[in-house]
Amino acid sequence: MAVGSLRSAVTVWRRSIQARVVLSTVLLSAVVVSLVGWTLMQQITDGLVRDRVDAAVAEAARSSNDVQSSLSAAPYDVDVGSQLPALVSTVVSRGAVRGYDVALIGPLSESDTPRVGGGEFSTPGLLLSSIPERLRAVVEEPEGAVTSWTFTGIERSGEGEGSRSEVPGVAVGTRLVVPADGATYALYHLFPMSAEQRTVDLVKRALFTSGALLVVLVAGLSWLVTRQVVTPVRLARRVAERLASGRLEERMQVRGDDDIARLALSFNQMATSLQKQIRKLEDMSAAQRRFVSDVSHELRTPLTTVRMAGDVLHDARERFDPVTARSAELLQNELDRFELLLTDLLEISRFDAGAAVLHLEDVDLAEVAHRVARSVGVLAERRGTRVRVQEPGAPCVVEADVRRVERIVRNLVTNAIDYADSSDVLIMLDCDAEGSALAVRDYGVGLRPGDEVRVFNRFWRADPARVRTSGGTGLGLSISLEDARLHGGWLEAWGAPGEGSQFRLTLPRHAEDALTRSALPLVPRDAFVHRAGAS
Ligand code: ADP
């Protein structure tokens, strides 16, 4: 589930410019807003704390000075022990009014006899653990600084049993000396910073809310802006897809006079000119096809007459002188080729007109292979080659038009015999769940790089000067390819100079089912074997 949603998120990210723009704008603005917010927070907090510390230190100094002056002003015979509690309680009550806590610790020297109650006076409820050890170490040390301050957490015991509260604050400590006997005390002023804390919290909340709102606003804006650009692009894509699928009359809507409208205008102009060109080409190619078809049909009637006259001459050649007899034979041969060419041309024009139809039945490819091997036996013998059929274990049956399949195989085998240079021609068969494959392998001249595609072009020949002994209209393989395609099959070629060639026909089990693989390899397993062995 998590993987599925991650995958769909990745798909949206990859496909949608809008999602990418919105997300990256949101991320960038979130980073910028965070940075600005953090800097602002830092500056506000620093300013508030600095002011509070300055005020606290000044107030503590004033208060300590008061106490110290009162102590110094007391005559020597007055008992400090009775004077100190009154002094400190004055400071404590002043602190209560002004909102700070006070604690007196002393006398500090162990040798001094404690004179003031337990030696500690403080605001009621204040816990002495509020005074950090590090501050006490400085202030209560005879050699330490007389006044020092630090941040702390001010702890108080609450109403309930064991309840306590803590607020952040500043602790300022001052060492007092009683001139009468030289005893030292530490007086601590603790200033809570809860008001500053509240201000900082408020500012933090305000900054966070406005930052979040700003990011949402930026997201909304970028979504709106990209939508304005992306929507026409998406429309253009849809129209382009429809054009590509052959609906040439599709056009984009042109609204206004902005860049998008001009893009739509140019797009439509391009579509119109493409449509015109395509129509022109279609018309030309239809005219060409019609011409070929018409010419072929027109030629049939005179050819039949010429054929009959030729047959008469051929049959009577015994009575002619040798030169005329030879001419009658040549005439007969060329008439054969002419007839073949005309038949192939008519077949091709049927394919072009989309008039070719399949007569389907279950066909065993092994049977077809044997039939073809038998029928070309005489030709093979004449060319000094042998056609062998390598059968698979199981029968390879496909739903096909047997006449067309046999025509393909015969064409491949006669070609192989023609180009085998007297080596053996092998017909291999195999099948799998998808369909069956038949490969015709020869060990003759082979094909040059690129020829494996060109061989299927109409009238293409690797060597036009080559002496032809069979078939040979130059249309054989293009007709075979059309036949294979009509079944939803493949016809492919492989060849290398000196390595021979292999032509592979793959047919689906059921005509027109989609093929994804072939049961036989296109490049034969024995290709390059001898060369690899030699090196
Ligand atoms: P044709 O055989 O009448 O020339 P095809 O369409 O059957 O026409 O073949 C086209 C060309 O493909 C041939 O002229 C030849 O150059 C090449 N070709 C076909 N089969 C082979 C093969 N087995 N080996 C080498 N070249 C081949």
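## Basis of the model

Helices (H or I, at least four residues) and strands (E, at least two) are DSSP runs numbered from the N terminus. The model is predicted: local features need pLDDT of at least 70 and side-chain atom pairs pLDDT 80 or more, while totals for chains, interfaces and linings use all residues. Residues are numbered from 1 along each chain as its sequence is written, and side-chain values use heavy atoms, with hydrogens and water left out.

## The ligand and its shell

The ligand is surrounded by 19 residues (a heavy atom within 4 Å). N415, D442, A462, G474 and L477 are the closest of these. By class, the shell comprises 8 nonpolar, 8 polar and 3 charged residues, with Gly counted as polar, Ala, Val, Leu, Ile, Met, Phe, Trp, Tyr, Cys and Pro as nonpolar, and Asp, Glu, Lys and Arg as charged.

For A462, a backbone N or O atom lies 2.9 Å from an oxygen atom of the ligand. The protein covers 98% of the 530 Å² of accessible area that the ligand has on its own, by the Shrake-Rupley method with a 1.4 Å probe. Helix 10 (402-419), helix 12 (476-486) and strand 12 (500-508) are the elements that give two or more residues to the shell. Helix 10 gives the most, with 4 residues.

S480 lies in helix 12. This serine is classed as buried because its relative accessibility is 2%; buried means under 20% relative accessible area, exposed over 50%, and partly exposed in between (1.4 Å probe, protein chains only). Leaving aside residues up to four places away in sequence, S480 touches I408, N411 and L491 (heavy atoms within 4.5 Å).

G500 belongs to strand 12 and has 0% relative accessibility, so G500 counts as buried. Beyond residues up to four places away in sequence, G500 touches R441, D442, Y443, G444, G446, L447, W494 and G495. G500 and S423 are separated by 77 residues in sequence, yet by 9.6 Å in space, C-alpha to C-alpha.

Most residues other than glycine have a negative phi. D421 counts as partly exposed because its relative accessibility is 47%; S422 is partly exposed, with a relative accessible area of 46%.

## Helix 7

Helix 7 (residues 322-352) contains 31 residues. From its first C-alpha to its last, helix 7 reaches 45 Å, close to the expected 45 Å, which is 1.5 Å times one less than its number of residues. After helix 7 comes G354, whose phi is positive, near 70°.

The buried residues of helix 7 are A325, A328, Q332, L335, L342, D344, L345, L346, E347, I348, S349 and F351. An α-helix has 3.6 residues a turn, so residues three or four places apart point the same way. The buried residues of helix 7 pack against helix 6 (259-315), helix 10 and helix 12.

Key. Polar contact = N/O pair within 3.5 Å; in protein donor to acceptor, adjacent residues only side chain to side chain.
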